Amino acid sequence: MLFIDNGNSHDPSWNLALEEYALRNLAGEQDFLLFYINEPSIIIGKNQNTAEEVNAEFVERNGIRVVRRLSGGGAVYHDLGNLNFSFITRDDGKSFHNFRKFTEPVVEALRKLGVDAELTGRNDLQVGERKISGNAQFASKGVMFSHGTLLFHSEVDAIVSALNVNPAKFESKATKSVRSRVANISEFLKEPLTMEQFKAFILESVFGSGVDVPEYRLTEADQAGIRKLADERYRNWDWNYGRSPKFNVRQVKRLSAGTYDVRLLVEGGVIAEASVFGDFFGTGEVSDVTARLAGVKYDAASVEEALKDVDLTVYFGPVDRGEWLALLF
C-alpha cells in the first residue's frame, strides 16, 4: 500500500477529484491510502437531495462549499478540524460493505491514543454513545474506495447549523441523513495533539511504527487529470445540485402582510412549477411571478436574478423582499 500526498490541499472539489482519479487511474495492482482535510464544506451523498440536507441560508452566509461525492450515505460537514481517510483498493468481491476491514486500522490507532473507539451499526465509529466518524464506500469496475471522517477538533456548532434543515419543508424519495450526537476525538485524548501530530500518528500506526511510509507522488499528468475532473464534476452545479431527485417544497409562514403558502416542484435542481397561496392582499396576478420562476435553478442567486425587476409588494402586499424570497428556501 502506498500513501498519496495531496499537497495539503483543503479544496473539497480537488480532494474528491483526487480520490476518484486514483480509483479510476491508479488502483488495481497497488492499494493506496489518502488523507485530506477540507475547508468548511458539506459533502452530500450520491443519492441525496442537496436542498433537503443543507441549511442554505447558513451555508451562503458563511461561504461553506457544497460538493456531492460518489459514495452513498448521508451528508457530512467538513472543516479544518476533520481528517478524512480513504482506502483505495481492488474490489475482491468480499470488501464492499465490509466496513470493519477498513475501519479496524483506524480503530487500533485511536485505541493506542487511549480513545475507546468501536465500529457501531453499519458504518459509524463511536466512543460510547457519541459518533466520531462516519464511513461510506464506492465501487466501480473492480476497484473501490472506503472512506471516512475523523472528527478531531471540528466546530460542532457549525455541524449542527449547516445541516439543520426543516424536514417538514421537503418531500422526496431521496436518501435522508440520520443525525447523531457527535464528538471530537480531541475530547478523549489523555495528552493534547495538534492536527498534524494526530495525522502523523494515524499514518505511522497504519503503516507500522518506525517504517518509512511508502508514497506515491502525483505526476504533472496526474495533476492535470485531477484538475479536469474537479472542474467537470466537483465544481459543476449540475452534479452538486442539479443531480438531486425530483422533490416538492412547501413552506407556510405568517409575515406582517399575511400568511403565505409557497409550493414548488423541483426537477433536476430546476423549478418546474411554482404556486403561492395565502390571505395576503395584492393587486397583481400571482401567476405573473410564479411563471418567472419556471425553469430557474433552485438556488437563491438564480431566483433573485429572475425576480430582480419585480416589485413583490404589487403581488403580495407590503412584504419585505428578503423575507419573502426566504420563503422559497
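User: What space, in Å³, lies in the largest pocket?
Analyst: Happy to start there: this is a predicted model, where local features need pLDDT of at least 70, side-chain atom pairs count only at pLDDT 80 or more, and totals for chains, interfaces and linings use all residues. Residues are numbered from 1 along each chain as its sequence is written, and side-chain values use heavy atoms, leaving out hydrogens and water. A pocket is an open set of points on a 1 Å grid over the protein atoms alone, where a 1.4 Å probe fits, with protein on both sides within 12 Å along at least five of seven lines. Its volume is the space filled by probe spheres set on the points, which are joined across faces, edges and corners, and for the largest pocket this comes to about 1,000 Å³.

User: Which helix gives the largest share of the lining of the largest pocket?
Analyst: Lining residues have an atom within 4 Å of a pocket point, and 45 residues qualify, with Asn55, Ala56, Glu57, Glu60 and Phe329 nearest the centre. Helices (DSSP H or I, at least four residues) and strands (E, at least two) are numbered from the N terminus. Elements that each supply at least two lining residues include α2 (50-53), β4 (65-68) and β13 (247-255). The largest share, five residues, is that of α3.

User: How many residues of the lining of the largest pocket are charged?
Analyst: Ala, Val, Leu, Ile, Met, Phe, Trp, Tyr, Cys and Pro count as nonpolar, Asp, Glu, Lys and Arg as charged, and the others, Gly among them, as polar. With 22 nonpolar and 13 polar residues in the lining, the number of charged ones is 10.

User: At what angle do helices α1 and α7 pack?
Analyst: Axes are lines fitted to C-alpha atoms, for helices over the stretch in contact, and angles run from 0 to 180 degrees between N-to-C directions. Helix α1 spans residues 12-25 and α7 spans 220-234, with axes 8 Å apart. Among the residues in contact (heavy atoms within 4.5 Å) are Trp14 and Tyr21 of α1 and Ile226 and Leu229 of α7. The angle is about 120 degrees.

User: Which strands stand at the edges of the eight-strand sheet?
Analyst: Two strands pair if DSSP finds at least two bridges between them. This open sheet of mixed pairing runs β7-β8-β9-β10-β6-β2-β1-β12. Each edge strand has a single partner, so one side of each lacks a neighbour in the sheet; these strands are β7 (118-120) and β12 (215-216).

User: Which residue in the turn between β14 and β15 has a positive phi?
Analyst: β14 pairs with strand β15 (residues 270-278) in the antiparallel sense over eight bridges, and Glu267 stands opposite Val270. Two residues lie between the strands of this hairpin. The one with a positive phi, about 60 degrees, is Gly268.

User: Which residue of β14 stands opposite Val252?
Analyst: β13 and strand β14 (residues 258-267) are antiparallel, paired over nine bridges. A hairpin of two residues joins them. Facing Val252 across the pair is Asp261.
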